[in-house]
Amino acid sequence: MAAVDARVDTGPRADGTRATPARRGRHRRHLREYLLFLAFIVPNFFFVLTFAYWPVVYNAYLSLTSWNMLAPVKDFVGLDNYVDLFTDPDFLGTLRVTVVFVVGIVVGSMVLGLAIAVLLNQKLVGRGFVRTMSFAPHILSGAAIGTIWLFIFDPNYGLVRPLFAAVGADSPNWMTSTTWALPGLIIVYLWKNMGFIATVYLAGLSNVPRELYEAAALDGSGAWTTFRKITFPMLSPVTFFLVITTTIGTFQAFDVLALMTAGGPGSSTTTLSWFIYQQAFKAFDAGHAAAGAMIMFVVLIIITALQARFLERKVHYR
Amino acid sequence: MTTSTVDSPLRTRSPRGRAGRVLRYVLLVVLACVVLGPLYWLASSALKQNADIYTYPPTWIPTHLRWSNFVDAWHAAPFGRFFLNSLIVTSIGTVGEMLCATLCAYAFAFLRFPFKKVLFGVLLGAMMVPGHVTLLPNYLTISDLGWINTYPGLIVPGLGSVFATFLLRQHMLTLPGEIMDAAKVDGAGHLRTMFRVVLPLSRPMLVTAGVITMVGKWNDFIWPLIVTNSTTMRTVPIGLLFLKTQEGYNNWGAIMAATVLVVVPVLVVFFFAQRQIVAGLTQGATKG
């Protein structure tokens, strides 16, 4: 497309003239424009190619080697690292934790975010303030949020203790309990995500044509039916965007996790993200770390592709 | 709304409507508490003395403001140095990335080039590469350059820009063509057009992209964590991890004070540029 456009712009034979000085001048101008284009994009492309694309190639290669990050030679081992991982019960455990973590956070924050958006879409006094404040956690440092919630979850002096006391229970020792650490982490990420998702949904809600609601009101459909038949389908492109970005983000979630649980206790919160970090920078096992990263990459590509197909089908019915 | 009073279900509307209204306000208050509770807890705990922290039930209002928590935090870890590092990395990194992004966006918006769309696709494709795939190779690259524990090591890998370039290009494409034509007729070269016409008209989007970039760099955690290992080169978010391992859970006041120091700059920026940040971060969704 672009190539055709460019040629049309140059219009080599458009006016049927021969190479007059004027045309040669135009050529020179185009050449100068091309060079300027290159000069303008080179810095950005240099960094993107060096620090985003090249690493994919290098990482793929590393995943086929065995290397302790010190030895001068990397041993080529073929697919051994992948075989190791998929036959290692610990790694399968990591994948299980990752699924619970990602599904919990994506589904949870989508549901909460949509509910908040519907609430804040009503004419209520103070909704602007609440909307702004609920967005704030999205841009705060994950390390800071992790630290705040460590204190909130403190079983003796944290905020959760009175909440549990209200129903006559003791607060669990969240971050040192293999049962509670993962749910605790998920709660923190829900708190961090829900306001952002609500804000995006609110923008989507304002784009739903009013006539649809008026028609539904004339038909006498109730609030829930209206939501199910009109609001939710009309929001499907927004939902698609949010599910993808939240999924990609959650797979890589690191900072809150690093601060609160560091993958523990035991391996109860070791997600794929933590596993890769740990293999590379604690165990200095480049091969397995790279293989883990490739697995994450492929999973994310598959999820995105599946959702893209799903969306295509959805959008036709709009 | 209540035109068809003949319908029997609609007659019950008024009392139910009032109950619904009350319910909605209750939910709004609950939401406000959930969102603000942790932030208030942070701010108040940073000023509490130990007697107010290590007590049950929790004290909501500090009985005595203990500002020395900040002094404690400052002494427990070299936070002054962490701050300086964060400032340097964030400011130079943001300026550098915005330069790359602006030039690139201008080229894609206004200059002719064969296969331009393909090239733009290549750029956008980089968004699909998860950071975790680049972690180890980038660490090795930086280490080969001898840049571990240096500012270039912290800054350079983050200079490439996809999101900001995308935002800026989309904005530049919306600028009215007549203005560009007028500039051309004037005989203005592209450099002049860029600085005199396009950039001034793109100010709001430059602010949006710049602020989002800045916040991302300030909060960045995993890259500074792996590319530095000496205390003097750590940034503020890593400082929190450092402090946690140093102080454990024995000095929540100081830890909360340090957390306030990490959060406040971002909250201040958010307070002033709230509309731009929200618009920029939500744009991808609504424009499809």
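Colleague: Say a salt bridge is a side-chain nitrogen of Lys or Arg within 4 Å of a carboxyl oxygen of Asp or Glu. How many does the structure hold over all chains?

Modeller: It holds 3. This is a predicted model, where local features need pLDDT of at least 70 and side-chain atom pairs count only at pLDDT 80 or more, while totals for chains, interfaces and linings use all residues. Residues are numbered from 1 along each chain as its sequence is written, chains are lettered from A and ligands numbered from 1 in the order in which they are written, and side-chain values use heavy atoms, with hydrogens and water left out.

Colleague: What does B:Lys217 pair with?

Modeller: B:Glu97, with the closest N and O atoms 2.8 Å apart. The pair links distant parts of the chain, 120 residues apart: B:Lys217 lies in helix α12 (residues 203-219) of chain B and B:Glu97 in helix α5 of chain B. Helices here are DSSP runs of H or I with at least four residues, strands are runs of E with at least two, and both are numbered from the N terminus.

Colleague: Are B:Lys217 and B:Glu97 buried or exposed?

Modeller: Both are buried. The cut-offs on relative accessible area are under 20% for buried, over 50% for exposed and anything in between for partly exposed, with a 1.4 Å probe and protein chains only.

Colleague: How many salt bridges cross the interface of chain B and chain A?

Modeller: The rule finds 1 there. A:Glu33 pairs with B:Arg112, the closest N and O atoms being 3.0 Å apart. A:Glu33 sits in helix α2 of chain A, and B:Arg112 in the loop between α5 (79-110) and α6 (116-125) of chain B. A:Glu33 counts as buried because its relative accessibility is 11%; B:Arg112, at 28%, counts as partly exposed.

Colleague: And how far apart are A:Arg210 and A:Glu214, N to O?

Modeller: 4.0 Å, in a salt bridge between their side chains. They are 4 residues apart in helix α9 (residues 210-218) of chain A, so about one helical turn separates them. A:Arg210 counts as exposed at 63% relative accessibility, and A:Glu214 is partly exposed at 45%.

Colleague: Back to the interface. How much area do chain B and chain A bury between them?

Modeller: About 8,500 Å², 80% of it on carbon and sulfur atoms. Buried area is the accessible area (1.4 Å probe) that two parts lose on being put together, summed over both.

Colleague: Which three residues of chain B supply more of the area it buries than any other three?

Modeller: B:Tyr56, B:Arg112 and B:His132, with 9% of the area that chain B buries against chain A. In contacts, meaning heavy atoms within 4.5 Å, 93 residues of chain B meet 97 residues of chain A.

Colleague: What does A:Phe297 touch?

Modeller: Leaving out residues up to four places away in sequence, A:Phe297 touches A:Val56, B:Met128, B:Val129, B:Pro130 and B:Val133. A:Phe297 is in helix α14 (residues 286-316) of chain A, and it counts as buried because its relative accessibility is 12%.

Colleague: New topic. Where does UniProt place the transmembrane regions of chain A?

Modeller: The unreviewed entry puts them at residues 34-54, 97-120, 132-152, 180-203, 238-260 and 289-311. UniProt positions are in the numbering used here, feature names are shortened, and annotations may be inferred rather than shown by experiment.

Colleague: What about the overall numbers for chain A?

Modeller: Chain A has 14 helices and 2 strands. Of its 318 residues, 51% are buried.
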